[in-house]
Amino acid sequence: MFPEIRLRRLRKGKIRDLVRETTLSVDDLVMPIFVNENIDSPVEISSMPGIYNFPLSEVAKEAKEIADLGIPAVILFGVPAFKDAEGSTSCGENDVVQEAVRRIKAELGNRLVVITDICMCEFTSHGHCGIVDFETQEVLNDPTLEVLGKIAVSHARAGADMVAPSGMMDGMVGAIRMALDASGFENIPIMSYAAKYHSCFYGPFREAAESGYSFGDRSTYQMDPANSDEALREVALDVAEGVDILMVKPGLPYLDIVYRVKSEFGMPTAAYNVSGEYSMIKAAAASGWIDEKKAIYESLISIKRAGADFIITYFAKDAARMLK
């Protein structure tokens, strides 16, 4: 065969572009926004250089900057002024996420898809993703479902375009779908954190969202990193309950799961390039150990190559500027 077959022939100049199998576009990006009721001006997150907590007064401005870069969507996380064991400030009409949605929509209308995270961890005093039995220190699955439904409906009423349950409660997609439909929001899609692993890579996020837990960990409801087949079972359950978009979280350490989910189900599939993945690249680049722009591109293109249709990433603004 040699020298008749020389694959290097296709790696020169614009020929390389013509045969590229995977592409990364600004349309593939979703930018997270942290909205915090306790601050009056943007505060940089120490473990996530370049990422900020925004007060409500600044959230529409930040959203406009994102939209002006061509990024099609944001996902909102809220930090309330008050927390209690039941997460009671998660589902009120005037709570932090609901007000942020209204402000963004008033400024931008349909220029930007507004996705809201549906979870209780940012709103509970104990930091867990549901109602807790303090005697047993157990996160109670079924009582939590009713609260998740209320949160989803309150977000839809505020104008959210999509809701994204992240708590890994069994039956959460079905409960939210039922609640939305019963309230006249049958056209609001659900993007489920369908395969969310119990990962160390969430550390910087917990600083940003003030969502660290006061006891135990989340291993009883988030997935074991050793398990792959279980992810397909989790996803299958969400599909049966009416999910519209599937998500795998984290991204880079779980590219095999992204591939398996997309191959098995053929549904719109997202991956979350999480805070720890962001912070590692930022830290290595700051030390001069890697080329930051090349690392961003290679990380995101690998997630697309694995099968993700789009990526939630803290690099969205940086990547949008690079791609332009």
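## The largest pocket

Helix 10, which covers residues 292-306, contributes the most to the lining of the largest pocket, supplying three residues. The model described here is predicted. In this model the largest pocket has a volume of about 420 Å³. Its lining consists of Leu7, Leu10, Arg11, Arg16, Val19, Arg20, Glu21, Thr22, Tyr297, Ile301 and Arg305. When these residues are sorted by class, five are nonpolar, one is polar and five are charged.

## The second largest pocket

The second largest pocket holds about 180 Å³ of space. It is lined by 15 residues, and those closest to its centre are Met31, Gly50, Ile51, Glu62 and Lys317. Sorted by class, the lining has nine nonpolar, one polar and five charged residues.

Several elements take part in this lining: strand 1 (29-36), strand 3 (52-54), helix 9 and helix 11 each supply at least two residues. Strand 1 gives the most, with four residues.

## Lys317 beside the second largest pocket

Lys317, one of the residues closest to the centre of the second largest pocket, is placed in helix 11. Its relative accessibility is 13%, and Lys317 therefore counts as buried, the limit being under 20%.

The side chain of Lys317 forms a polar contact of 3.1 Å with the side chain of Glu65. Apart from neighbours within four places in sequence, Lys317 is in contact with Met31, Glu62, Glu65, Ile66, Leu69 and Ile71. Two of these partners, Met31 and Glu62, are also listed among the residues closest to the centre of the second largest pocket.

## The annotated pair Ser275 and Tyr314

An unreviewed UniProt entry lists Ser275 and Tyr314 under "binding site".

Ser275 is found in helix 9, which runs over residues 275-286. With a relative accessible area of 2%, Ser275 is buried. Its side chain reaches the backbone oxygen of Phe201 at 3.3 Å. Not counting residues up to four places away in sequence, Ser275 touches Met48, Phe201, Tyr202, Gly203, Pro204, Phe205 and Tyr314.

Tyr314 lies in a loop, between strand 12 (310-313) and helix 11 (316-323). Tyr314 is buried as well, at 2% relative accessibility. The side chain of Tyr314 makes a polar contact of 2.7 Å with the side chain of Tyr272. When residues up to four places away in sequence are set aside, the residues that Tyr314 touches include Met31, Ile51, Phe205, Tyr272, Ser275 and Tyr278. Of these, Met31 and Ile51 are listed among the residues closest to the centre of the second largest pocket.

## The cavity

Rolling a probe the size of a water molecule over the atoms shows where empty space is left. A search of the whole structure finds one cavity of 30 Å³ or more. The largest cavity has a volume of about 100 Å³. Of the 14 residues in its lining, Cys121, Lys196, Phe205, Arg218 and Lys249 are the closest to its centre.

Strand 9 (191-196) and helix 6 (203-209) each supply at least two residues of this lining. By class, the lining of the largest cavity has six nonpolar, three polar and five charged residues.

## The annotated cysteines

An unreviewed UniProt entry also places the feature "binding site" at Cys119, Cys121 and Cys129. Of these residues, Cys119 and Cys121 are included in the lining of the largest cavity.

Cys119 lies in the loop between strand 5 (113-118) and strand 6 (131-133). Its relative accessible area is 2%, and Cys119 is buried. Leaving aside neighbours within four places in sequence, Cys119 is in contact with Cys129, Leu148, Ile151, Ser166 and Gly167.

Cys121 is placed in the loop between strand 5 and strand 6. Cys121 is buried, with a relative accessible area of 7%. Not counting residues up to four places away in sequence, Cys121 touches Gly127, His128, Cys129, Ser211 and Arg218. The annotated Cys129 is therefore a contact partner of Cys119 and of Cys121.

Methods: Residues are numbered from 1 along each chain as its sequence is written. This is a predicted model: local features need pLDDT of at least 70, side-chain atom pairs count only at pLDDT 80 or more; totals for chains, interfaces and linings use all residues. Side-chain values use heavy atoms; hydrogens and water are left out. UniProt positions are given in the numbering used here, feature names are shortened, and annotations may be inferred rather than shown by experiment. Buried means under 20% relative accessible area, exposed over 50%, partly exposed in between (1.4 Å probe, protein chains only). Contact means heavy atoms within 4.5 Å. A polar contact is a pair of N or O atoms within 3.5 Å; within protein, one must be able to donate a hydrogen and the other to accept it, and residues adjacent in sequence count only if both atoms are side-chain atoms. On a 1 Å grid over the protein atoms alone, a cavity is a set of points where a 1.4 Å probe fits but cannot get out, and a pocket is an open set with protein on both sides within 12 Å along at least five of seven lines; lining residues have an atom within 4 Å of a point. Grid points are joined across faces, edges and corners, and a volume is the space filled by probe spheres set on the points. Ala, Val, Leu, Ile, Met, Phe, Trp, Tyr, Cys and Pro count as nonpolar, Asp, Glu, Lys and Arg as charged, and the others, Gly among them, as polar.
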